[in-house]
Amino acid sequence: MPRGRFAAARAGNHVWATAACAMLLAALPLLAQSGAGARDQARLPPGDAAQGRVLVESNTCLDCHRIGETGSRLGPDLSDIGARRSPAVLLRAIVAPDDEVVPEFRFVRLVTKDGTTVVGRLLNRDAFSVQLINKDDQLKSYLKSNLREHTILEKGMMPSFDGKLTAQQIADIVNYLASLKGAEK
């Protein structure tokens, strides 16, 4: 699919700062279990999954993520993340989320002809339109002819939590997320 007038955003172009704080795992990098992630994980204290659940549910994680029937569809669904990602990958997603942003979780910044800025997760784009999901879980479609600017953001919307959470809190969250293996029936 041609990129057209889409331009890469600069690394510091985090337009949606408020929502970014809510996105604990929007990037979910596909990193190998070796390397820095494994070394960082070895330095973490043992995690408590119950405390990790409290941290995830009491903060704004579910404003962007979904676990079971609770939360938003803006970021990745975490219901079975423990079956799909290793603890080392989960750790890297929390402390270095921009190392790799998977294509299906790229965000787009649109500026309409009247100057309104819209940011959302890119769902589709073609020669005539851009479709996204916004922070309110609404599907939106914009005709390119009605846009002044449309930019795919290179960085994910999730900030790093390195230095913002304690090592114990990170270990607890990693342990909880690693325990999520799918829907309980």
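**View 1. The contact between helices α3 and α6 in a predicted model.** Ala49, Gln51, Gly52, Arg53, Leu55, Val56 and Glu57 of α3 meet Gln169, Asp172, Ile173, Asn175 and Tyr176 of α6. Contact here means heavy atoms within 4.5 Å. Helices (H or I, at least four residues) and strands (E, at least two) are DSSP runs, numbered from the N terminus. By class, the contact of α3 with α6 has five nonpolar, four polar and three charged residues. Ala, Val, Leu, Ile, Met, Phe, Trp, Tyr, Cys and Pro count as nonpolar, Asp, Glu, Lys and Arg as charged, and the others, Gly among them, as polar. Two packed helices are described by the angle between their axes and the distance between the axes. For α3 and α6 the angle is about 95° and the axes are 7 Å apart. The axes are lines fitted to C-alpha atoms, for helices over the stretch in contact, with angles from 0 to 180 degrees between N-to-C directions. The two helices, α3 and α6, are therefore roughly perpendicular, a label for angles of 65 to 115 degrees (under 35 is roughly parallel, over 145 roughly antiparallel, the rest oblique).

This is a predicted model, in which local features need pLDDT of at least 70 and side-chain atom pairs count only at pLDDT 80 or more, while totals for chains, interfaces and linings use all residues. Residues are numbered from 1 along each chain as its sequence is written, and side-chain values use heavy atoms, with hydrogens and water left out.

**View 2. The largest nonpolar core.** This core has 23 residues, and those with the most contacts inside it are Val56, Ile67, Ile94, Ile170 and Leu177. Two or more residues each come from α3 (49-58), α5 (87-95) and α6 (167-179). The most come from α6, with seven residues. A nonpolar core is a set of buried Ala, Val, Leu, Ile, Met, Phe, Trp, Tyr and Cys residues joined through side-chain atoms within 4.5 Å. Buried means under 20% relative accessible area, exposed over 50%, and partly exposed in between (1.4 Å probe, protein chains only). Leaving aside neighbours within four places in sequence, Ile170 is in contact with Leu44, Leu91, Ile94, Val95, Phe161 and Leu165. A second, separate core of nine residues includes Leu122, Val130, Leu132 and Tyr142.

**View 3. Helix α5 and its buried residues.** Eight of the nine residues of α5 are buried, so this helix is largely enclosed by the rest of the structure. They are Ala88, Val89, Leu90, Leu91, Arg92, Ala93, Ile94 and Val95.

**View 4. Arg109 in strand β4 and Leu147 in strand β8.** Strand β4 covers residues 107-112. Arg109 is buried, with a relative accessible area of 17%. The side chain of Arg109 makes a polar contact with the side chain of Glu149 (2.4 Å). A polar contact is a pair of N or O atoms within 3.5 Å; within protein, one must be able to donate a hydrogen and the other to accept it, and residues adjacent in sequence count only if both atoms are side-chain atoms. Strand β8 covers residues 147-152. Leu147 is buried as well, at 5% relative accessible area. The C-alpha atoms of Leu147 and Leu110 are 6.9 Å apart, although the two residues are 37 residues apart along the chain.

**View 5. Asp137 in the loop between β6 (129-133) and β7 (139-143).** Asp137 is not a glycine, yet has a positive phi of about 65°. With 29% relative accessibility, Asp137 counts as partly exposed.
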